[in-house]
Amino acid sequence: MSDHEYTPKSKFGKWFNDRLPLLSLASHLTDYPTPKNLNYWWTFGGILTFCLITQIVTGLTLAMHYIAHADMAFESVEHIMRDVNYGWLIRYIHANGASMFFLAVYIHIFRSLFYGSYKSPREIIWIIGIIIYLLMMAAAFMGYVLPWGQMSFWGATVITNLFSAIPLVGEGIVTWLWGGYSVDNPTLTRFFTLHYLIPFLILGLVVLHIWALHVPGNNNPIGIDIKKPSKDTVPFHPYIVIKDGFALLMFMIVFAFFVFYAPNILGHADNYIEANPLVTPAHIVPEWYLLPFYAILRSVPDKLLGVIAMLSAILILAALPWLDTSKIRSAVFRPLYKQFYWILVADVLILGYVGAMPAEGLYLLIARVATAYYFLHFLIVLPVLGFKERTLPIPLSITEPVLGGSTNIAMAKNRESLHK
Amino acid sequence: MSEKKTNRRDFLFTATYAVGAVGVGATVWPMIDQMNPDASVKALASTEVDVSSVAPGKTITVLWRGKPVFIRRRTQEEITDAKSVKMEELKDPEKDEDRAKNPEWLVMLGVCTHLGCVPLNDKGDYNGWFCPCHGSHYDISGRIRKGPAPTNMEIPKYEFVNANTIKIG
Amino acid sequence: MKNIIKLLIITIFFFSSVNLYSAEKVEYLKTDWSFKGLFGKFDRSSLQRGYQVYTEVCASCHSMKYVSYRNLGEKGGPEFSEEAVKAIAASFEVNDGPNADGEMFTRPGKLSDKFVMPYENVKAAQAANGGAYPPDMSVLVKARGGGVDYIYSLLQGYEDAPSGMILDEGVHYNKYMYGNKIKMSAPLSEGIVEYGDGTEATVEQMSKDVTTFLMWTAEPHLESRHQMGFKAIVYLIILTILVYFSMKRIWSSIETEV
């Protein structure tokens, strides 16, 4: 990782750095060679870090006023919204921040899918990413329970009940999760504790994620390896810092729109009704970012198999570096894979849509087809494509095609003629 | 790089930093302000107390802003005692009439100014209050007479809204 | 680029065709709400009239337990004067205690008190209303998918049941209620309230005023939110422009498309 020796300028700096090389670390991060052809799909890593910090800071300040008890939770949230100075702002930032967090993570994941960022030698970065994603879903699910509205309560009931599908020990596990015979106060208090904890686990994993990234360095839109040192890279500061900053500001404008002008549009009205164990809402739906998995879960008629299908849908991503047999990384040079990629995107959006609809009739049929296709993509299409696909020739370096103004395939093809 | 170009570039970066800093400040402030007393706490900043049942020579304790407030209806003898103390004798010189505008009623925070314990009523060497934690003695005007406390017991803002009711805070 | 457009079309289709949590396909009655839009503000007199409707018509059954009397005088709401709010609070009896004898007692309300509830608890409310619980109204507008349009329509939506529909005892037909059956009888009738400012109390007017009031009880900081939002977005746009040009300047020496 440390390719160059860094000497701090001040005596104190030298003394400190010899004992804890923080200044060397800062220097490494500042100078870190980044491919200069990264496009805006690469800015979402920085955006995600901003989202995590935002959620932690707003979460901390909310936790100063929130009461994790079934009798007082809903009221404490109203207290925050009405009486706490800027409480309404912090609450809306936190709630909409969760949605923005997932929006960013999906773009980030789909960037990796398109450009082959999960392929060797970046498999571990990818797998750590999957774990981060799982933890995000757990944190978001538990966070949603905390206001103790109708969706909080019934969403918790439905999802925790899934564990009863496990043979033999299922019922016991559910009781253990609940701390009782149904979702109630013990469930709420432990969900609050875990919800508070998980973001810090995520923080640690993000450090590992970035550390693992810095070994091979970033992937890039044309997916070729860059030998360091290279004139195809720029130091992270100021080039990437300013670009990430610009992208982050655009992201924040969208975020601000939701927080200030449509703070409840991504949520569910039923969660403004206090939890009632005797009345089930007509349509139990999770938040939008969990809808595709909800659709997969409900598309399988068997309870246990539905749970397995839902989990497999996420875990199969971990196997992706080995399922995708293609030697070429970037979809830019994989015209057939590119088509299947966009079909996958459409498939996931369709799953999200039907996830919000009642699980019957045409919606259920679509959900089943879309679920089957999802697995087909990873288990059949990808392995086969790697062998069968005729890929386009890839450039030798970044600078060559880029000087022509874009990743110009024609130029790449003709590079031999260019170089006499 | 020409002078003009450098200046324009510097201006752009300086302006960006400055505008950015404003945003950071505007974002940080709500995070800090949310720890300040919220509206429901501030609404309870005043308390009204009905003192019609307090007999002369008796003290009641009420809760105000989470702290005890002693309200004593003093007898004529106690008032005379309070007013006759010489300023030189006091660690924290204060005239009784400055502490109790209506001399019959003494309204003060029942918190020892040493380290915050609640002094005991009708105890101590000065016919006032005695703090058992570290032995501070207060007189019948709530002034420190002996012991480690540095100042007299605090007089909060209060007023009689009518003959029977005191509004504290 | 082509693919981004494909993605955008799919997403727009997705978001526009699905009202994610819609009820039936009933068109709600429409009216202008002064608080909607980027610069939306509450109509102060409508809020005051709405409070009057709530107090005189709804409050006998519907609690509003998260609102405090002092809120009625705070900025962004009906903004009654402090004396008026004190008088309103004092007109209600609030439970308090225990006193020095260990007994609970009642006393006139203060600014810091929450709105007094018509029933001691949910079960008492149900028992007094044929088993149906009149929902608390503090956040009712946010607790219904149709929002203010739904409440506004429902209040005016009482009609004769279509022929053939049998209604149980105590159940009424409402065009806009989810499922069309509602246990609350039509609460508003022409002139049931005499407005202090002389406005004619038609059912439509009262529906609009009380719904506006309910929007405020659900979102008392709506006006601050809109004002702060405008400033925040203008600020972000300015900073984005500055950062954009800084970025261009920094990258100007690098031979690549940014």
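Me: Two strands pair if DSSP finds at least two bridges between them; over how many bridges do strand β6 and strand β7 of chain B pair?

Reply: This is a predicted model, in which local features need pLDDT of at least 70 and side-chain atom pairs count only at 80 or more, while totals for chains, interfaces and linings use all residues. Residues are numbered from 1 along each chain as written, chains are lettered from A and ligands numbered from 1 in written order, and side-chain values use heavy atoms without hydrogens or water. Strand β6 of chain B covers residues 128–131 and strand β7 of chain B covers residues 136–138, strands being DSSP runs of E with at least two residues and helices runs of H or I with at least four, numbered from the N terminus. Their pairing is antiparallel, and the number of bridges is three.

Me: Which residue in β7(B) is the bridge partner of B:Trp129?

Reply: Strands β6 and β7 of chain B pair in the antiparallel sense. In β7(B), the residue bridged to B:Trp129 is B:Tyr138.

Me: Which are the edge strands of the open sheet in chain B?

Reply: The sheet has four strands in the order β5-β6-β7-β8, with antiparallel pairing. An edge strand here pairs on one side only, and in chain B that applies to β5 (120–123) and β8 (144–146).

Me: Which element gives the most to the lining of the largest cavity?

Reply: A cavity is a set of points on a 1 Å grid over the protein atoms alone where a 1.4 Å probe fits but cannot get out, lined by residues with an atom within 4 Å of a point. The lining of the largest cavity draws on chains A and C, including A:Trp88, A:Tyr92, C:His221 and C:Arg225. Two or more residues come from each of α4 (73–82) and α5 (87–115) of chain A and α7 (222–251) of chain C. With three residues, the element that gives the most is α4(A).

Note on methods: 1 Å grid on protein atoms, 1.4 Å probe; cavity = no way out; pocket = protein on both sides within 12 Å on 5 of 7 lines; lining within 4 Å. Pairing = 2+ DSSP bridges.
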